[in-house]
Amino acid sequence: MQLEWARPGVLRATAHAFEFAALVAAARYVAESAPPDIPEESLEQLRHVLSDYDTQARRLHRTPASDG
């Protein structure tokens, strides 16, 4: 995985699909079975990020991968 600053406050991540899948799986686990001491606001933010991910993943499935 590689991280770089795209601009202040915005990161660009380059990762293998399995690396990103592991992060998403961990996020889903927390969102679905978080211990009670995790603030609800944090869980809502995580659920929002996962929703955005799901939207973008569906878009990717409709777009062929480039060889570049």
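The side chains of E4 and R12 form a salt bridge with an N to O distance of 3.7 Å, a salt bridge being a side-chain nitrogen of Lys or Arg within 4 Å of a carboxyl oxygen of Asp or Glu. This is a predicted model, in which local features need pLDDT of at least 70 and side-chain atom pairs count only at pLDDT 80 or more, while totals for chains, interfaces and linings use all residues. Residues are numbered from 1 along each chain as its sequence is written, and side-chain values use heavy atoms, with hydrogens and water left out.

**Salt bridges**

- A search of the whole structure finds four salt bridges.
- In the pair described above, E4 has a relative accessible area of 34% and is partly exposed, as is R12 at 43%; buried means under 20%, exposed over 50%, and partly exposed in between, computed with a 1.4 Å probe and protein chains only.
- D54 and R28 also form a salt bridge, their closest N and O atoms lying 2.3 Å apart.
- This pair links distant parts of the chain, since D54 belongs to helix α2 (residues 40-62) and R28 to helix α1 (residues 17-33), 26 residues apart.
- Both partners are partly exposed, D54 at 24% relative accessibility and R28 at 26%.
- Within helix α2, E44 and R47 are three residues apart and therefore separated by about one helical turn, and their side chains meet in a salt bridge of 2.9 Å, N to O.
- E44 is partly exposed at 43% relative accessibility, and R47 is partly exposed at 33%.
- E40 joins E44 and R47 in a network of salt bridges.

**Fold and dimensions**

- The chain contains two helices and two strands, where helices (H or I, at least four residues) and strands (E, at least two) are DSSP runs numbered from the N terminus.
- Along the sequence these elements follow the pattern β-β-α-α.
- The radius of gyration is 14 Å, well over the 11 Å that the globule rule gives for 68 residues, so the chain is more spread out than a compact globule; the radius is taken over C-alpha atoms, and the rule is 2.2 Å times the number of residues to the power 0.38.
- Taken along the principal axes, the C-alpha atoms fill a box of roughly 45 × 30 × 20 Å.

**Burial and surface**

- Of the 68 residues, 9% count as buried.
- The chain exposes about 5900 Å², of which carbon and sulfur atoms supply 58%, by the Shrake-Rupley method with a 1.4 Å probe.
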